Amino acid sequence: MHSGNTGTVVMESLWTTSFVLTILTNFLAYFGNFMLMSTLPLHVLQIGGNKIMAGLVTGIYSLTGFISRLKIGGLLDRKGRRPIMLAGLSLLLLTIISYDAAAYSIILLLALRAIHGISWSATTTSVSTIAADLIPAARRTEGMGFFGISMSSAVAVGPGLGLYLMEYYNHTALFLFSAVCIVLALLTGFCENRYYHTQTRVEAPIINKLEHSVGRITKSTVFEKTVIWPSFLFFIVMMTYSTIGIFLPAYASEQGIANIGLFFVVTALSTIFVRLVSGRVADRHGNNKVLIPGMVLLAVGLYLLSVARSFPLFLVAAVIYGSGHGAVQPTLNALVISLAPVERRGVANATFLCAMDIGLIMGSVIWGSVAQAFGFTYIYSTSMILIILSIAIYLVFSREKLNA
């Protein structure tokens, strides 16, 4: 915010050209990528692979993405956001194009999937850090909420379109359409670079100076310790999210529920709606006014899933859980940006996203074991308990450190 000679307070603009292009780049990248998330494991099965190989397609992608993210955060702070973003998008494009040539070789698909994880990690970490640089501090949670909508929208539509292309056309059409999205993301990324380089907000000259002064920055450590608390909470949230993303279709089938795909659409729409309003509330009244109610909604949604035996109750759970996720994720992301030193923002953002990676990886293993031993309902009731415990830990130990 700025005060002029007249004493009038002027709110810094959120909707700069740079920010709009960053959102568009992120949407196109997520849209192109998530078309492949549900289709590649299916494709492996169609060409003769077994379920273990289909699982490896997801596992190796997550693993290489997590490992590479440990280094990418430091590179963002030392080498700059823009070069890493363009390199990540370029490698992502090459990988997707190569999928078609390797479409009938499971070994080659797995190798490409490993590279895919690296390119996706570089792309997402750099683009989200650029968004963090561009958002005015006074509108940080609101801005991260709008930025997050680009992901939610792509996740809501991308997988369904990918399955449609696989069913009615072929894998070549799928890879081609995905590649076109990444090409468009690259084009908007190049345009975004122009405006990002010349934009005049206070933090931009600092970032540009850091990007061109490598020798002045101390060699980065893997994690940023100032953001461990919000990252830990996000780790718990993503562990519970894995119960939905991975196990919900099987759980619904066990309950005799059909058309469960609508659950994911309702969840995404609820997430988007809440993000439209929650960020402004957090910026004006404090993060706890959004974070704590959001965590409670997550717990309630998980509880409803643990007792759901009808399709309408599944949809109610989708609305509540999606609303909670829409409130919690951008608030925690904004906390990470606020707590980290500006010269360590890339590492801080990578720390936050690593928490997501670990939560999804551990969740898939832990909840799979729980479901195998006790049944699906227990993974949702246990997840609810984890959320409640994390709320208690936050209230007891965070104190003033994470308060807005």
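Residues are numbered from 1 along each chain as its sequence is written. Because the model is predicted, local features need pLDDT of at least 70 and side-chain atom pairs count only at pLDDT 80 or more, while totals for chains, interfaces and linings use all residues.

Select residues 288-307, helix H12 (helices are DSSP runs of H or I of at least four residues, numbered from the N terminus). At 1.5 Å a residue, its 20 residues should span 28 Å, and the end C-alpha atoms, 29 Å apart, agree with this (the expected span is 1.5 Å times one less than the number of residues). Among its buried residues are Val290, Leu291, Met295, Leu298 and Leu305 (buried means under 20% relative accessible area, with a 1.4 Å probe and protein chains only). To see what covers the buried residues of H12, show helices including H9 (228-245), H11 (261-285) and H13 (311-339).

Next, display H6 (residues 140-168) with H11, whose axes, lines fitted to C-alpha atoms over the stretch in contact, come within 7 Å and cross at roughly 175 degrees. The two helices are therefore roughly antiparallel (angles over 145 degrees, between N-to-C directions). The contact (heavy atoms within 4.5 Å) includes Phe146 and Ile149 of H6 and Ile272 and Leu276 of H11.

Finally, select His43, which lies in helix H2 (residues 39-46) and, at 3% relative accessibility, counts as buried. Leaving aside residues up to four places away in sequence, His43 touches Ala103, Leu109, Met166 and His171.

Conventions. Side-chain values use heavy atoms; hydrogens and water are left out. Buried means under 20% relative accessible area, exposed over 50%, partly exposed in between (1.4 Å probe, protein chains only). Axes are lines fitted to C-alpha atoms, for helices over the stretch in contact, and angles run from 0 to 180 degrees between N-to-C directions. Angles under 35 degrees count as roughly parallel, over 145 as roughly antiparallel, 65 to 115 as roughly perpendicular and the rest as oblique.
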